[in-house]
Amino acid sequence: MHVQDSRWSSAVASGATMSAASGGRPDGTRTTPLRVDAQRNLEHVLRAAREVFGELGYGAPMEDVARRARVGVGTVYRRFPSKDVLVRRIAEEETSRLTEQARAALGQEDEPWSALSRFLRTSVASGAGRLLPPQVLRVGVAEERGLPEHARLPQQRTQPAGELRLVPEERAADDGGAAELLDVVGQLVERARAAGELRADVSVSDVLLVIATAAPSLPDAAQQAAASARLLDILLEGLRSRPS
């Protein structure tokens with residue numbers, strides 16, 4: 001799920017050049033309306049990208065996305081001049097969705113623990129953990145010592161050898177709406193902690209860890225839903241404070 005910042009920068013720069021000629025923006029949006037068939041193709045590509053990246057991780061090739069969308073790979077590249085640009089689009093959409101889920105939980109649940117657990121259940125049920133943005137999760141190796149042990153994530157499928165870890169919040173806050181996501185989830189965490197219902201050592205990073213690990217990708221939808229629900233129940237119990 002890791003996309004290097006330098007690659008993102010070059011992707012955005014090349015996207016700006018290529019999209020300008022076709023009336024579009026580097027993030028895959030356009031300044032002029034799409035034809036009906038072009039709009040349909042874009043929707044197919046985005047849906048396919050969410051499915052493919054959700055199943056295989058952000059390392060999946062563009063050819064897999066094109067095959068799932070039933071379009072030529074050239075059609076994908078016309079809308080997204082590099083895979084990094086497509087990854088950024090999907091990641092930013094997922095960040096926005098997670099932020100809205102967290103905000104809804106804050107606004108609709110009076111009890112702090114209910115709000116936090118509702119957010120986690122909604123996010124996991126939606127499969128958000130399989131598309132957590134690259135600017136929030138990074139693959140790193142053990143020589144980077146800045147993070148505490150509890151902020152580290154287990155290696156996920158299709159990732160190269162290394163350790164998948166949460167980026168410190170000040171680093172993640174610069175990209176794709178991550179700052180807003182971290183802020184709203186932080187409010188959920190602080191409320192539950194202040195109410196004495198959340199373990200004092202649980203951080204925003206731990207909450208994102210739960211979302212990342214409680215959404216396994218299984219071939220059978222019913223089995224996947226049952227496994228996610230069971231795993232989340234166990235993880236929620238681990239987050240709750242216990243009387244001393």
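These legends accompany close-up views of a pocket and several salt bridges in a predicted model. Local features need pLDDT of at least 70, and side-chain atom pairs count only at pLDDT 80 or more, while totals for chains, interfaces and linings use all residues. Residues are numbered from 1 along each chain as its sequence is written, and side-chain values use heavy atoms, without hydrogens or water.

**View 1. The second largest pocket holds about 220 Å³ of space.** A pocket is an open set of points on a 1 Å grid where a 1.4 Å probe fits, with protein on both sides within 12 Å along at least five of seven lines; lining residues have an atom within 4 Å of a point. Of its 13 lining residues, Arg50, Glu51, Gly54, Glu55 and Arg130 are closest to the centre. The lining has 3 nonpolar, 5 polar and 5 charged residues.

View 2. A salt bridge puts a side-chain nitrogen of Lys or Arg within 4 Å of a carboxyl oxygen of Asp or Glu. Arg88 is buried at 16% relative accessibility; Glu92, at 27%, is partly exposed. Buried means under 20% relative accessible area, exposed over 50%, partly exposed in between (1.4 Å probe, protein chains only).

**View 3. Glu100 meets Arg103 in a salt bridge (2.6 Å, N to O).** They sit 3 residues apart in helix α5, about one helical turn. Glu100 is partly exposed at 44%, as is Arg103 at 33%.

**View 4. Glu197 pairs with Arg240 in a salt bridge, with closest N and O atoms 3.9 Å apart.** This pair links distant parts of the chain, 43 residues apart.

Key. Points joined across faces, edges and corners; volume = space filled by probe spheres on them. Nonpolar A, V, L, I, M, F, W, Y, C, P; charged D, E, K, R; others polar. Helix = DSSP H or I, 4+ residues; strand = E, 2+ residues; numbered from the N terminus.
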